[in-house]
Amino acid sequence: MGLFKFGKHHSQTSSDTKKELETEGPLNIIIETPVMPPIQKEISDPLPPPPPEKKKEKKEEEDIADFFTVNIYDIFKYNPESAGKGKGANGHPAELFELELPELELSAFFKVEILRYENQRYDLVFASNTNEIGDRLKKFIDFSCKAFGPDFMRKGSFNANDLRDVPLGVFSRIWYGKARMENTSFTLTLTLYGITPGEQVTPY
């Protein structure tokens with residue numbers, strides 16, 4: 001009798017459990033992916049444009065030396081090679097030196113000959129392989145005209161006549177005892193006279 005009751009109780013429990021499952025039904029759980037709203041970019045003021053780069057202001061030339069990358073008042077610090085002895089344009093004996101320039105001077109001159117006199121002053125003779133006068137050289141000519149005045153033939157700044165004279169090999173500017181530029185051999189030469197080592201003199 002007790003066993004029957006146990007079985008009946010078990011049967012009823014199973015039945016109840018089954019009934020509960022039937023009542024509840026299957027668990028149809030649908031997991032929906034949450035819909036995220038589109039990311040809205042924060043509206044902000046556009047970044048201001050970067051300030052324009054300041055152009056490096058070129059120092060205005062105040063002396064003939066300012067046109068050269070080498071220091072013409074201390075030319076021997078570049079260790080020019082000895083080239084013997086000779087005479088300068090003034091007829092005085094001089095020691096000769098040659099220096100290959102580290103870069104073109106005035107966009108034209110690749111080498112300089114140095115004539116050093118007994119008083120240690122010297123002349124510089126710049127040599128080129130070109131017969132063209134560029135903007136930098138024109139500026140140098142104009143500066144020299146302001147510094148020394150018109151040359152001995154009353155020529156002043158670079159002009160249309162020079163454009164005619166250059167290809168003919170008759171271009172020149174000559175300031176006696178100061179500077180000389182010409183192209184008699186269809187290549188430009190520039191001579192600076194009587195430079196005192198270490199003494200930079202503004203000519204005007």
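The following questions and answers concern a predicted model of one protein chain.

Reader: In what order do the helices and strands of the chain run from the N terminus on?

Author: The secondary structure of this chain comes to three helices and seven strands. Read from the N terminus on, these elements follow the order α-β-β-β-β-α-α-β-β-β.

Reader: Which element gives the most residues to the largest nonpolar core?

Author: The largest nonpolar core has 36 residues, and Phe 68, Ile 72, Phe 126, Phe 140 and Leu 192 touch the most other members. Two or more residues each come from strands E2 (93–105), E3 (109–116), E4 (122–128), E6 (179–182) and E7 (189–195), and from helix H2 (135–148). The element that gives the most, with six residues, is H2.

Reader: Which residues does Phe 140 touch, not counting those up to four places away in sequence?

Author: Phe 140 is one of the core residues that touch the most other members. Phe 140 also belongs to an aromatic cluster with Phe 67, Phe 68, Phe 109, Phe 126 and Phe 143. With residues up to four places away in sequence left out, the residues it touches are Ile 64, Phe 67, Phe 68, Leu 106, Met 181, Leu 190 and Leu 192.

Reader: What kind of aromatic pair do Phe 76 and Phe 97 form?

Author: A search of the whole structure finds ten aromatic pairs. For Phe 76 and Phe 97, the distance is 5.0 Å centre to centre and the angle between the planes is 85 degrees. Planes over 60 degrees apart count as edge-to-face, and the pair of Phe 76 and Phe 97 is therefore edge-to-face.

Reader: How many residues apart in sequence are the parts that the pair of Phe 76 and Phe 97 ties together?

Author: Phe 76 lies in the loop between helix H1 (2–24) and strand E1 (81–87), whereas Phe 97 lies in strand E2. The pair therefore ties together parts whose separation in sequence is 21 residues.

Methods
Residues numbered from 1 in each chain as written. Predicted model: local features only at pLDDT ≥ 70, side-chain atom pairs only at ≥ 80, totals over all residues. Heavy atoms only, no water. Core = buried A, V, L, I, M, F, W, Y, C linked by side-chain atoms within 4.5 Å. Buried < 20%, exposed > 50% of the residue type's maximum accessible area, 1.4 Å probe, protein only. Helix = DSSP H or I, 4+ residues; strand = E, 2+ residues; numbered from the N terminus. Contact = heavy atoms within 4.5 Å. Phe/Tyr/Trp six-rings, centres within 6.5 Å; stacked < 30°, edge-to-face > 60°.
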